[in-house]
Amino acid sequence: MSAPRTEIAPGEQITLIKPLRGWVSLGLNEVWHYRELLFYFIWRDIKVRYKQTLLGAAWAILQPVFTMIVFSIFFGQLAKIPSDGIPYPIFSYAGLLPWTFFATGLTNGANSIVRDANLVKRVYFPRLITPISAVVGGLPDFFLAFLVLVGMMIYYGLFPTAASLLLLPLCLLLALSTSMGVGLWLSALNAEYRDVRYVVPFLTQFWMYATPVVYPSSLLDEPWRTLYGLNPMVSVVEGFRWSLLGQGETVPLMFGLSAVASLILLLSGAFFFRRMERRFADVV
Amino acid sequence: MALPALRPGMAIEVVGLGKQYRIGGIIDRNKTLRDSIGSLTRSKLGALRARQPREARARRPDNTFWALRDVSFGVERGEVLGVIGRNGAGKSTLLKVLTRIMPPDEGHARIRGRIGSLLEVGTGFHGELTGRENIYLNGAILGMHRYEIDRKYDEIVEFAGVARFIDTPVKRYSSGMYLRLAFSVAAHLEPEILLVDEVLAVGDAEFQKKCLGKMGDVAGEGRTVLFVSHNMDAVRQLCQSALWLESGSIQALGPVEDVIKAYLADTTLNRTADIFPVMDRHYGIGIADLRLTMDASPVSGALDLRVELDVHADAALPRIGIGFGLMTDTGARVVHLDERLTGFMFDMQPGSNHFLLECSALDRLLAAGDYVVSVWLAMPNIGNLVEIDRAATIHIPGVDFYGSGHYVDVHKHGPLLFPLQIRRVEPAHSVE
């Protein structure tokens with residue numbers, strides 16, 4: 001090795017700037033390099049979310065709780081929708097909890113690039129950080145709302161077994177990955193087409209009714225119930241109920257189907273985002 | 001494809017860089033899906049109808065233009081390179097490509113070390129967060145690690161002079177405090193390479209002066225700087241060499257004096273290519289034409305400058321300022337008359353608006369030499385909309401102003417015919 005002597009200081013890096021064409025790698029090592037920024041974005045979102053609100057973080061609890069009350073009255077009491085033998089309030093709340101996390105993450109993710117347009121146009125950082133932080137930033141709200149569920153479980157005397165509890169992190173991961181996948185697709189599209197802004201409320205509403213939040217998936221017969229797992233949120237919601245309340249049932253095949261669907265959403269979303277991001281500074 | 005390594009001693013190497021814009025992508029900031037579907041259908045229809053008129057087929061390539069094309073240059077470590085050129089010449093695009101805000105479409109560039117730019121001042125500040133929180137957030141956005149910010153935190157606060165309000169949300173800051181804090185964070189980033197775009201720099205004159213001062217510091221420390229500016233004095237002061245961009249390509253590159261001189265000599269009305277109309281697309285207003293004449297007044301024989309200005313407005317626009325500036329052919333400012341100073345503001349009618357700018361007896365005011373005229377349109381509180389920043393060069397002939405047999409020359413004596421009188425007085429007169 002007789003490389004010419006250079007005066008490069010150790011650790012000093014050379015950046016190569018070249019055209020990007022077609023599909024490119026996800027650049028996850030660079031995202032990792034900027035992990036502090038990821039943390040600061042999440043921190044900023046949480047910090048700002050409840051500034052100048054009277055009730056502050058209580059909103060994280062109030063929203064699902066009030067929705068649960070409304071659902072219990074209309075779907076549980078009046079419409080008498082079956083709930084797999086569990087009291088309807090806790091049945092719907094256990095579904096609403098992951099659902100709210102998913103829907104908020106999706107909405108925030110979809111708006112993330114447009115909201116941070118000023119940054120995107122003026123500073124370089126791995127763009128993936130923006131939607132990732134927007135989706136992950138919903139976790140604290142989720143954990144707060146989770147406390148209510150714990151209270152309700154004690155009240156109704158429904159306790160999980162240690163083994164079934166193991167499924168819970170997997171369900172959360174599934175919700176996170178699905179939310180992120182859709183959020184990545186929508187945020188990249190939103191940069192160019194502001195139609196997305198108007199699509200998102202409809203999408204989340206329709207998706208909720210396509211997910212067993214207010215009703216159990218046991219209303220469906222096989223094989224439709226397993227195929228229902230193509231919507232990953234079905235497995236998330238059912239998995240939550242099964243692992244926490246010990247009620248309902250999980251179909252492993254349905255779960256596998258959901259995991260594959262979610263992974264496809266996530267990967268395709270990430271690659272699509274990477275393909276679109278080079279034009280963000282022009283169009284956003 | 002293996003690229004040759006960055007030569008030692010070089011901080012930036014740019015080879016054949018090109019950046020293409022789609023015009024539609026720039027104008028339609030709020031494009032919707034419907035527009036895209038519409039244009040898709042139109043192009044499909046165009047393909048179906050093979051005998052489409054020529055102009056319709058020719059329009060496709062017109063939808064894109066090269067903001068940068070075939071740009072190659074190198075910057076040595078510790079060099080301060082000025083980047084000059086008229087508006088829209090590609091200066092800002094060059095900086096955006098070098099800071100990786102957008103990728104190029106051709107060529108490549110290699111950069112050694114961390115790049116920072118003062119065009120990011122205040123980017124990412126959030127009104128609801130306190131000064132302290134914003135320092136950390138902004139530092140992270142600019143690529144600083146937490147330990148670096150920790151180390152420089154006290155210095156940043158002190159430089160900004162906001163210690164007392166550091167735990168107050170910045171939305172309660174005065175605009176001056178806000179800018180000082182934002183600038184202080186950016187100034188403490190200490191990148192190996194600093195990119196500065198004076199055009200995009202925010203703030204008032206005093207703040208910009210501070211930026212220039214900081215830049216001088218940086219250059220003094222042997223750091224590499226790329227300085228984009230319209231201010232020839234500043235470029236000359238700070239840079240050893242300069243790069244002149246014209247319509248996305250390098251027009252000249254070399255020692256700062258030579259490049260500035262060539263740049264200033266190349267005025268709008270000397271060139272054959274018709275640049276008019278120069279429009280601000282957002283407000284739909286622009287300069288449709290500009291004609292300059294210098295004539296001896298029939299009465300006094302003094303030289304009068306007349307500028308006929310045609311302004312085109314898409315719709316009625318109230319209170320548009322017309323500005324006029326003059327500098328010497330080496331770029332020193334003689335006058336810079338903005339609408340705030342002069343109050344020359346007019347309500348624009350839709351369509352054509354004609355104006356006549358007159359400066360009488362210029363040769364009784366200015367020293368002999370060449371001067372460069374600039375004209376611009378501005379909107380109060382918004383800023384300049386369009387600018388013809390070197391419309392033409394005018395020549396002022398020599399005048400033996402002091403009656404000494406010598407002409408007053410702009411380069412030797414300054415631009416003014418200054419009414420200095422010196423005479424002897426007797427002591428008795430002055431004591432009285």
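User: How many residues does helix α9 of chain A have, and what does it span from its first C-alpha to its last?

Analyst: First, the model is predicted: local features need pLDDT of at least 70, side-chain atom pairs count only at pLDDT 80 or more, and totals for chains, interfaces and linings use all residues. Residues are numbered from 1 along each chain as its sequence is written, while chains are lettered from A and ligands numbered from 1 in the order in which they are written. Helices (H or I, at least four residues) and strands (E, at least two) are DSSP runs, numbered from the N terminus. Helix α9 of chain A, residues 167-192, has 26 residues and spans 38 Å. That is close to the expected 38 Å, where the expected span is 1.5 Å times one less than the number of residues.

User: Why is α9(A) described as largely enclosed?

Analyst: A residue is buried if 20 or more other C-beta atoms, placed from the backbone, lie within 10 Å of its own, exposed if 12 or fewer, and partly exposed in between. In α9(A), 20 of the 26 residues are buried, so the rest of the structure largely encloses this helix. In chain B, 37% of the 432 residues count as buried.

User: What is the strand order of the open sheet in chain B?

Analyst: Strands of a sheet pair through backbone hydrogen bonds, either parallel or antiparallel. Two strands count as paired if DSSP finds at least two bridges between them. The six strands here run β5-β6-β7-β3-β8-β9, with mixed pairing. β5 (115-117) and β9 (249-255) of chain B are at the edges with a single partner each, so one side of each has no neighbour in the sheet. β8(B), residues 241-246, pairs with β9(B) in the antiparallel sense over six bridges, and B:Trp244 is opposite B:Ala252 of β9(B).

User: Which strands does helix α10 of chain B lie across?

Analyst: Contact here requires C-beta atoms, placed from the backbone, within 7 Å. Axes are lines fitted to C-alpha atoms, for helices over the stretch in contact, and angles run from 0 to 180 degrees between N-to-C directions. Helix α10(B), residues 256-265, lies across β3, β8 and β9 of chain B, at about 140° to β9(B).

User: How many residues does each chain bring to the contact between A and B?

Analyst: Chain B brings 43 residues and chain A brings 34. On the chain B side, β4(B) gives the most, with six residues. β4(B) also pairs with β1 (residues 14-17) of chain A, antiparallel over four bridges. A:Thr15 has B:Ile111 as its bridge partner in β4(B).

Definitions and conventions:
Contact = placed C-beta atoms within 7 Å.
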